[in-house]
Amino acid sequence: MPSPLGYDGGLTLSTQVKNLDDALAWYQDRLGFTFLYRLDDIGWAELATETKGVNMGLSQVEDPKVG
């Protein structure tokens, strides 16, 4: 049944990274994710995973919080 809100079932996971260029290369080269788009003005990029409807978002920040 379609969502009354228009939700398509997709999911975007996100993580903070210090260097967007390095992170994009790593996720593509090591995990085989596919580059979707990049917004340099806000330090954001998304990649598609091998799981349909599941994307990975990368947010560039000066001091990434890990843990």
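User: Which residue in E3 is the bridge partner of Phe 35?
Analyst: This is a predicted model, in which local features need pLDDT of at least 70 and side-chain atom pairs count only at pLDDT 80 or more, while totals for chains, interfaces and linings use all residues. Residues are numbered from 1 along each chain as its sequence is written, and side-chain values use heavy atoms, with hydrogens and water left out. Strands are DSSP runs (E, at least two residues) numbered from the N terminus, and two of them pair if DSSP finds at least two bridges between them. Strand E2 (residues 34–39) runs antiparallel to E3 with five bridges, and the partner of Phe 35 in E3 is Leu 47.

User: How many of the residues of strand E3 are buried?
Analyst: Buried means under 20% relative accessible area, exposed over 50% and partly exposed in between, with a 1.4 Å probe and protein chains only. On one side of E3 Trp 44, Glu 46 and Ala 48 are buried, and on the other Ala 45 and Leu 47 are buried, so that both faces are covered. E3 (residues 44–48) is largely enclosed by the rest of the structure, because the number of its residues that are buried is five of the five.

User: What is the angle between the planes of Trp 26 and Tyr 27?
Analyst: Rings of Phe, Tyr and Trp (its six-membered ring) pair if their centres lie within 6.5 Å, and planes under 30 degrees apart count as stacked, over 60 as edge-to-face and the rest as tilted. By this rule there are two aromatic pairs. Trp 26 and Tyr 27 form an edge-to-face pair, 5.0 Å centre to centre, with an angle between the planes of 85°.

Note on methods. Helix = DSSP H or I, 4+ residues; strand = E, 2+ residues; numbered from the N terminus.
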